[in-house]
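Here is a short report for a reader new to this structure. Look at the model first, then read on.

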Amino acid sequence: MFEKFSQDARAAVEGAVGHAERADARTVTEEHLLLALLDLLDPGEAPGARALLALGVDQRRTELTAALREARRVGGLSRADIAALARLGIDVDEVVARVEEAHGPDALAAERGPRRWWPRGHRPFSREARSVLVRALRIAQGRGDRAIGDEHLLLGLASGPGVVADVMAEHGASWADVERALAVPRPGRAAS
C-alpha cells in the first residue's frame, strides 16, 4: 500500500515511525501519526497541512499535544469516558494517582508486553494505526484520488473512534471541520 502514498503522506508515516522511536514506543500509534502530520505544518503544498493551518491547529499545537499526553496518562480515556465514570461516582484522577503511587508515573500509559528491539525505521504499527491507514486508503478511493495524501491520513484520523479523534475534535479538527477546510480552494487556484 505504501507505493500509493504521496510524498507528504510518506513523510508523515516516516515521521510517525520517528516519533515512536524517540518515545521508545513498541508500536507506531495513531498519536504518532497525528504528531507527524503536525510536523508538516510549515506552510507548503500539502493539503492536510493547509487544512490544519486553516483550522488554526498550529496555534493550538501545545494544547493538543498536552491533551494527547494527558489521555495517555489516564490509560486512553477520553473526556467523555471520564465524565461518564464521574457520573457513576468514579474519580479517574484519584484512580490514576493511586496507580501512579503504586507503580510509578505514567503507569497507565505504558505499553504492555515483552520489550523487543526493532531496527531503526521498522517498528510495527498498532492495530488502530493500521486502521487509520486503511481508512485513508478508502477515503482516497472514495474520492477518486490516485494517491493517498496527507489529507486522507488526516481524515482517517478524524473519522476513527478513539482518543486521537476526540482530542482532534476538541481542538477544532473534527471530521466536519477538516472536510470544510479541505474544500476551501487554494489561493491562486480555481475550485475544481
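## Model and conventions

This is a predicted model, in which local features need pLDDT of at least 70, side-chain atom pairs count only at pLDDT 80 or more, and totals for chains, interfaces and linings use all residues. Residues are numbered from 1 along each chain as its sequence is written, and side-chain values use heavy atoms, with hydrogens and water left out.

The predictor's confidence in each residue, pLDDT, runs from 0 to 100. Its mean for the protein is 85, and 85% of the residues reach 70 or more. Among the elements, helix α6 (residues 92-103) has the lowest mean pLDDT, 84. Helix α8 has the highest, 96.

## Overall fold

The protein has 10 helices and zero strands. Both are DSSP runs, numbered from the N terminus: helices are H or I with at least four residues, strands are E with at least two.

Of the 192 residues, 40% are buried. Buried means under 20% relative accessible area, exposed over 50%, and partly exposed in between, with a 1.4 Å probe and protein chains only. Contact means heavy atoms within 4.5 Å. Among contacts between residues at least 6 apart in sequence, 64% join residues at least 24 apart.

Two packed helices are described by the angle between their axes and the distance between the axes. Axes are lines fitted to C-alpha atoms, for helices over the stretch in contact, and angles run from 0 to 180 degrees between N-to-C directions. Angles under 35 degrees count as roughly parallel, over 145 as roughly antiparallel, 65 to 115 as roughly perpendicular, and the rest as oblique.

Helix α3 (residues 47-54) and helix α8 (residues 150-159) cross at roughly 55°, and their axes come within 6 Å. The two are therefore oblique. Pro47, Gly48, Ala49, Ala51 and Leu52 of α3 meet Asp150, Glu151 and Leu154 of α8. This contact has five nonpolar, one polar and two charged residues. Here Ala, Val, Leu, Ile, Met, Phe, Trp, Tyr, Cys and Pro count as nonpolar, Asp, Glu, Lys and Arg as charged, and the others, Gly among them, as polar.

Helix α8 also packs with α10, at about 160° with axes 9 Å apart. That makes the pair roughly antiparallel. From α8 come Glu151, Leu154, Leu155, Ala158 and Ser159; from α10 come Trp175, Val178, Glu179 and Leu182. Leu182 is in contact with Pro47, Gly48, Ala51, Glu151 and Leu155, leaving aside neighbours within four places in sequence.

## The nonpolar core

A nonpolar core is a set of buried Ala, Val, Leu, Ile, Met, Phe, Trp, Tyr and Cys residues joined through side-chain atoms within 4.5 Å. The largest one has 46 residues. Those with the most contacts inside it are Leu33, Leu34, Leu38, Phe125, Leu153, Leu157 and Met168. Elements that give two or more residues to this core include α1, α2, α8 and α10.

Not counting residues up to four places away in sequence, Leu153 touches Phe5, Ala9, Ala12, Val13, Leu37, Val132, Leu133 and Ala136.

## Two loop residues

Asp24 lies in the loop between α1 (7-22) and α2 (30-39). Its phi is near 55°, a positive value in a residue other than glycine. Most residues other than glycine have a negative phi. Asp24 is partly exposed, with a relative accessible area of 43%.

Leu77 is in the loop between α4 and α5 (79-87). Leu77 is partly exposed too, at 25%.
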